[in-house]
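Open the model in your viewer and keep the selection tool ready. The tour goes from the whole chain to a few of its parts.

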Amino acid sequence: MNDAAAPRVRFAPSPTGSLHVGGARTALYNLLFARHAKGIFVLRIEDTDVERSREELTAQILSAMEWLGLEYDEGPFYQSKRYDLYRAAADGLLREGKAYRAFETAEELGAERKAAEAAGRAYRYSGAGRDLLPEESDRRAAAGERHVVRLKMPAEPIGVDDLIRGRVEFPADALDDFVLVRSDGHPLYHFCVCVDDTDMRITHVIRGDDHLANTPKHVALFRALGAPIPKFAHLGMILGTDRKKLSKRHGAAAVEEWRDAGILPEALFNFLALLGWAPGGDREILSREEMEREFALDRVGASPSVFDPEKLLWMNAQYIARMPAEELLERTVPRASDGAPERAVALRAVELHRTRARTLVELARALSAYARDPAEYEPDGVKKHVKPDTPRQLERLAKRFEDLPEWTAAATEAALRETAEAEQISAGKLIHPVRLALTGVTVGAPLFDVVELLGRETALRRLRTFVEVVAARARTGAAPTA
RNA sequence: GGCCCCAUCGUCUAGAGGUUAGGACACGGCUCUUUCAAGGCCGCGGCACGGGUUCGAGUCCCGUUGGGGCCGCCA
């Protein structure tokens, strides 16, 4: 047993927003990678930005992860509670001459940057702080002069071996001596990341493509820290349908928005897993176990992917169609104003409507028809299906329904067809208005199943209410003098 | 602007030098049917462009174009 061989990965969100589908996909790949290799998945909260980090956002991220099924093995660790570690690391780097103090103010640097931009040059920090004599640096620091700590970047190019992209070379002059610790003592992102990845013995860094250009900084830092360099895997970005980086602008970029829209976590998980990874073959609906078993970084693509809500909806419908009715019902929360039909009815209604709903929200809406009478009738449907004779025909049907010895789909259908025949009209001329009367809409599950499920009392009540309403309308609306 | 990444149907993708370039979503048609779905069947639709390498390039190399990312005392 070689314990060191088990990979350790991490997801490191920053609580400056809710969990994004892009971040969720990153977390998901880390999780799948860890499970596949029997490794460890660590969660680390990067909350060193005191201005922007918010505690309630951390809670939100945690709950979104739990909902999606992104279980971590260690953590959550909070960077805000690990300042001693960063402080010690910074002191060590300073002591070894791998980092140095720089005393320029933010204003001075801003002016330099502006000047460089105006001249059309790429801005890089001059490195002036490097030339300070150690004694002078110590003296000024001891005197309380404000300063940052910067890393001495090596003068040679840095190569990164990426598991997805192969080797990527960065020229030496692409990077300047970046800031590790702010003048107020706060450690900065890149520094914390490397100190923590080292401390947490992270072996594989799987993250978004947007960090690829930061990676040489991290490599230089790991080297300065004398730490092993983890393997990197940079994932293509997730884009909106306009091919721009997915953001709030696109709507529903946050995991919880999809939860609220009635998407099943299993469906989102499956969908996200396939955004950049393909197990090979033509399979698309995969169980969690299959994904864990087959996930491999060498089958992850390097190119960015567009997030297509239509396909997510389709996949969700697939999960809705396959889930046991009991479970589906449990997961479907009725709208508060509707109340819920009794369980046996609801269960049957779920069976009737599951293939007609792409989301839990749509399913809940369909179920509400069994709990309360329609509040209104689709106007176009009334216009199309209600003829002058319709109220009378419906009343005749209602009487027929009253006398039925048994209330079943077959019996009610037979009754309706007989009534239609007696009226010398096609069955459809009755079926459509009845659907409208019972459900308020023109589309839905097979009518006689609905009729049976509603029960005689409810069906008759709705039928007669409808007759009254349309008859009243005909009286008031049929007297236009032109 | 500098540096870096990416490039197969509208979208997600399979393809690891020789394929009629496959599947899925979406779209169109047919079927089933009291409606709407679901399902089944059929169809539309793609290797960004230009050079190489090779007997042979979607696949390898270079360039162009296009898209994206990074260049903070943000993460």
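How many helices and strands are there in chain A? Chain A has 20 helices and twelve strands, where helices (H or I, at least four residues) and strands (E, at least two) are DSSP runs numbered from the N terminus. This is a predicted model, in which local features need pLDDT of at least 70 and side-chain atom pairs count only at pLDDT 80 or more, while totals for chains, interfaces and linings use all residues. Residues are numbered from 1 along each chain as its sequence is written, and chains are lettered from A and ligands numbered from 1 in the order in which they are written.

**Whole chain.** Select chain A. Its C-alpha trace spans about 105 × 65 × 35 Å along the principal axes. Of the 482 residues, 33% are buried (20 or more other C-beta atoms within 10 Å of a residue's own; exposed means 12 or fewer, partly exposed in between; C-beta atoms are placed from the backbone).

**Helix 3.** Select residues 83-95. At 1.5 Å a residue, these 13 residues should span 18 Å, and the end C-alpha atoms are 18 Å apart, which agrees; the expected span is 1.5 Å times one less than the number of residues. Now pick out Tyr 86, Ala 89 and Leu 93, the buried residues of helix 3. They cover an arc of only 65 degrees around the axis, so they are on the same side of helix 3; the arc is that of the directions from the helix axis to the C-beta atoms. Turn to the other side of helix 3 to find Asp 84, Ala 88 and Arg 95, which are exposed. Just after helix 3, Gly 97 has a positive phi of about 75 degrees.

**Strands 9 and 10.** Next select residues 204-208, which form strand 9; four of its five residues are buried. Two strands pair if DSSP finds at least two bridges between them. Gly 208 stands opposite Leu 235 in strand 10. Show helix 7 (residues 215-225) as well: with strand 9 and strand 10 it makes a right-handed β-α-β unit.

**Strands 6 and 7.** Val 160 has Val 168 in strand 7 as its bridge partner. The two strands form a hairpin with three residues between them.

Technical notes:
A crossover is right-handed if, with the strands pointing away from the viewer, the path from the first strand over the helix to the second runs clockwise.
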